[in-house]
Amino acid sequence: MPFKFSSAEISADYNFPMEIYFCLLYSDKSNPYTIMPKHPFCSGWGKGSGKQVCLNTYNGFNRLEVAWLSLNECRFYFGELNINNILSPLTDDGKTYDNLIIGLAPNGNLALWANNGYSSRLIYYTKCKEVEISISEFLEYDYHHSLEHYCEQTLIESDHAKGDLSKLFEFGKKMKKFCYRFCISCIGSENEDEIIPIVSTQTSYADGSYNRKNDLDSMNFRETSIPERLNINWGIHKKEYMLFLYFIDYNIYNVFEKFYGAHPDTKTDFIIRIDAENKKYELALFRQGLKEPVAIPESAYQLIVFKNKFEDFRSENYDQPRGAWIW
């Protein structure tokens with residue numbers, strides 16, 4: 001029996017706007033459902049476009065067909081998936097998902113996330129084929145300029161600069177998996193009984209997945225992409241702390257690749273030491289066989305801390321917009 005969603009929507013990376021030619025979700029019991037935002041969209045990788053199609057919850061769909069234009073590359077891609085087998089593991093993780101997010105990326109890459117508003121799980125990632133589609137066919141009227149001209153003008157009109165295709169290499173790193181777990185320690189109180197255990201850890205990852213509720217899985221070894229944001233809540237006596245970490249893509253990629261080398265399956269502790277009373281925060285990576293953890297440089301992340309809802313500390317390189325810590 002197919003896993004049943006109540007809605008579906010499209011996603012694209014901020015750096016790579018896309019336009020849909022068609023996106024069809026097929027069910028055995030009805031005509032296909034259609035998602036067709038023609039305008040350029042780049043809501044963020046793993047984040048929905050807001051252009052949802054609502055599905056009949058009694059008619060689970062089993063096939064996806066999608067064709068899209070990658071504006072930075074001036075290329076069309078087409079993908080066709082039988083998704084029953086892709087969705088079947090969702091019935092085993094104990095969570096309920098009501099929204100399917102379909103991610104479209106350069107080089108024909110396509111991702112699927114199962115989403116419920118509080119968590120989003122990457123369930124599939126594949127490469128689709130490039131196809132030849134005329135720009136007039138795409139626009140459904142006679143267009144007397146080239147595909148390249150259309151893409152360039154569309155990017156300008158939608159206030160998107162012509163993308164730097166060198167970022168394609170960086171985008172590929174977003175989806176690379178490593179085996180690690182978060183190990184969070186809070187110090188700074190003379191009486192350890194005063195430290196309230198971590199009450200919340202909310203995490204988002206570069207591959208578009210996230211958990212906005214207490215993310216217990218992040219404390220276990222698992223294959224996942226590099227972190228993008230991390231929120232940690234804890235308390236010391238009557239003081240409530242909230243820490244927000246924002247990882248800087250390029251720098252944290254380099255840290256992970258240098259540390260893991262050719263062995264991304266190596267089990268690694270991602271250590272976060274918190275001494276809020278002395279305003280000391282340290283991040284490091286550690287694996288068996290090392291004498292001591294390898295420090296993660298402060299240039300690889302930005303950090304802000306609140307105590308009893310008032311700002312208590314921020315890193316020197318912190319430049320996130322006001323309110324960025326609100327998820």
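**Close-up views of a predicted chain**

**View 1. The whole chain.** The secondary structure comes to 5 helices and 21 strands. The model is predicted. The chain has 327 residues, and 49% of them count as buried. Take the contacts between residues at least 6 apart in sequence: 64% of these join residues at least 24 apart.

**View 2. An open sheet of 5 strands.** The strand order is S14-S11-S17-S18-S19, and the pairing is mixed. Strands S14 (222–224) and S19 (294–295) are the edges, and each pairs on one side only. Strands of a sheet pair through backbone hydrogen bonds, in either a parallel or an antiparallel way.

**View 3. The pairing of S18 with S19.** Strand S18 covers residues 280–286. S18 and S19 run in the antiparallel sense, paired over 2 bridges. Within S19, Ala295 stands opposite Ala284.

**View 4. Helix H5 on the sheet.** Helix H5 spans residues 249–260 and packs on the sheet. The strands that H5 touches are S11 (178–187), S17 (268–275), S18 and S19. The directions of H5 and S11 make an angle of about 110 degrees.

**View 5. Asp275 in strand S17.** Is Asp275 buried or exposed? Asp275 is buried, yet has no salt bridge. Lys280 is the nearest side chain of opposite charge, 5.5 Å away. A salt bridge would need a side-chain nitrogen within 4 Å of a carboxyl oxygen. Asp275 does have a polar partner: its side chain joins that of Asn278 through a polar contact of 3.0 Å.

Definitions and conventions: Residues are numbered from 1 along each chain as its sequence is written. This is a predicted model: local features need pLDDT of at least 70, side-chain atom pairs count only at pLDDT 80 or more; totals for chains, interfaces and linings use all residues. Side-chain values use heavy atoms; hydrogens and water are left out. Two strands pair if DSSP finds at least two bridges between them. Helices (H or I, at least four residues) and strands (E, at least two) are DSSP runs, numbered from the N terminus. Contact means heavy atoms within 4.5 Å. Axes are lines fitted to C-alpha atoms, for helices over the stretch in contact, and angles run from 0 to 180 degrees between N-to-C directions. Buried means under 20% relative accessible area, exposed over 50%, partly exposed in between (1.4 Å probe, protein chains only). Lys and Arg count as positive and Asp and Glu as negative; His and the chain ends are not counted. A polar contact is a pair of N or O atoms within 3.5 Å; within protein, one must be able to donate a hydrogen and the other to accept it, and residues adjacent in sequence count only if both atoms are side-chain atoms.
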